[in-house]
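Thank you all for coming; I would like to walk you through one structure this morning, taking it piece by piece. Please have the sequence and the model open while I talk.

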Amino acid sequence: MALGLKCGGTLKERAERLFASKGVGAGELGRDALAKKADDAKEHARISALAKLEGHIRCIGSVLGEERDATRENVERKQARAAGENEDDEEEPQATVESDEEEDDGVPYNPKNLPLGWDGKPIPYWLYKLHGLNISYSCEICGNQIYKGPKAFQKHFNEWRHSHGMRCLGIPNTAHFANITHIKDALDLWNKIKGEKERQRWNPDLDEEFEDSAGNVVTRKMYEDLKRQGLL
């Protein structure tokens, strides 16, 4: 470095330059081994630019001296505060945020009277229509109670209100009466079911069988008629 040799190149080239300079003065070295010096004009321009930049920085520093001193004092004053004062300052904005949230906790905007979700806000309208909540079902047996959506309507047949209405009509709440909401329809179906049960009930005059002397199987009524006529 003292001789002004180049520092770049591969390890082999650097070793060759080092051995070539051994015992040789700086003036005896070849130009290829010496590092190129910058021109005096370029060096002077660089120094002038640096001096100009330093002058601008000092000028700006003198203009902003008061603001800089005030900022330093403010930082030192904050650092000198007690820990309790800092905690109080941090709690004040939190209280402000909580008060803002409380002000926002009003009645949600719900012009279409949609059901509220788990977050206390109206559910989306597409979800409202997807579940059929825009369709109302009325049940006369339940006292003209209105049910929103097919799911709630199907579920109410097993609930206490519908069961109580069926008991008041004297009708068992069985699967035969599913999807029946009118009192007249329920009574007509119950009378029809009772008639079928009466027809299916055991009737000795029709269902009991007898065998005559000839081996013919007849009903009890026919057997007694033939017996009264003396045909047996």
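Let me begin with Leu64, which sits in the loop between helix H2, residues 40-63, and helix H3, residues 65-79. Please keep in mind throughout that what you see is a predicted model. Leu64 has a relative accessibility of 45%, and therefore counts as partly exposed, since that class covers the range between 20% and 50%. Together with Ile60 and Val63, Leu64 makes up a nonpolar patch on the surface, and the accessible area of these residues comes to about 290 Å².

From the surface, let me turn to the interior. In soluble globular proteins, nonpolar side chains tend to be buried together. Here, the largest nonpolar core has 13 residues, and the members that touch the most others are Ile171, Phe177 and Ala186. Helix H8, residues 183-200, is the element that gives the most to this core, with 3 residues. If we take Ala186 and leave aside its neighbours within four places in sequence, which residues is it in contact with? The contacts of Ala186 are Ile141, Ile171, Phe177 and Ile180.

A pair of aromatic rings is described by the distance of the centres and the angle of the planes. The count for this model is 4 aromatic pairs. One of them joins Phe153 and Phe157 in an edge-to-face arrangement, with 5.1 Å from centre to centre and 75° between the planes. Because Phe177 lies in the loop between helix H7, residues 160-168, and H8, while Trp190 lies in helix H8, the pair ties together parts that are 13 residues apart in sequence. Are these two residues, Phe177 and Trp190, buried or exposed? Phe177 is buried, its relative accessible area being 2%, and Trp190, at 17%, is buried as well, because the cut-off for that class is under 20%.

Finally, the charged side chains. Side chains of opposite charge can pair when their charged atoms come close.

Arg72 is partly exposed at 43% relative accessible area, and Asp69 is partly exposed at 34%.

In helix H8, Lys184 forms a salt bridge with Asp188, the closest N and O atoms lying 3.1 Å apart, and because these residues are 4 apart in the helix, about one helical turn separates them. Lys184 is exposed, with a relative accessible area of 59%, whereas Asp188 is partly exposed, at 39%.

In helix H10, residues 220-228, Arg228 and Asp225 are 3 residues apart, and so again about one helical turn lies between them. Their closest N and O atoms are 2.2 Å apart in this salt bridge. Arg228 is exposed at 63%, while Asp225 is partly exposed at 28%.

Key
Residues numbered from 1 in each chain as written. Predicted model: local features only at pLDDT ≥ 70, side-chain atom pairs only at ≥ 80, totals over all residues. Heavy atoms only, no water. Core = buried A, V, L, I, M, F, W, Y, C linked by side-chain atoms within 4.5 Å. Buried < 20%, exposed > 50% of the residue type's maximum accessible area, 1.4 Å probe, protein only. Helix = DSSP H or I, 4+ residues; strand = E, 2+ residues; numbered from the N terminus. Contact = heavy atoms within 4.5 Å. Patch = residues over 30% accessible without salt bridge, like charges linked within 9 Å, V, L, I, M, F, W, Y side chains within 5 Å. Areas by Shrake-Rupley, 256 points an atom, 1.4 Å probe, with all protein chains shown as cover. Salt bridge = Lys/Arg side-chain N within 4 Å of Asp/Glu carboxyl O. Phe/Tyr/Trp six-rings, centres within 6.5 Å; stacked < 30°, edge-to-face > 60°.
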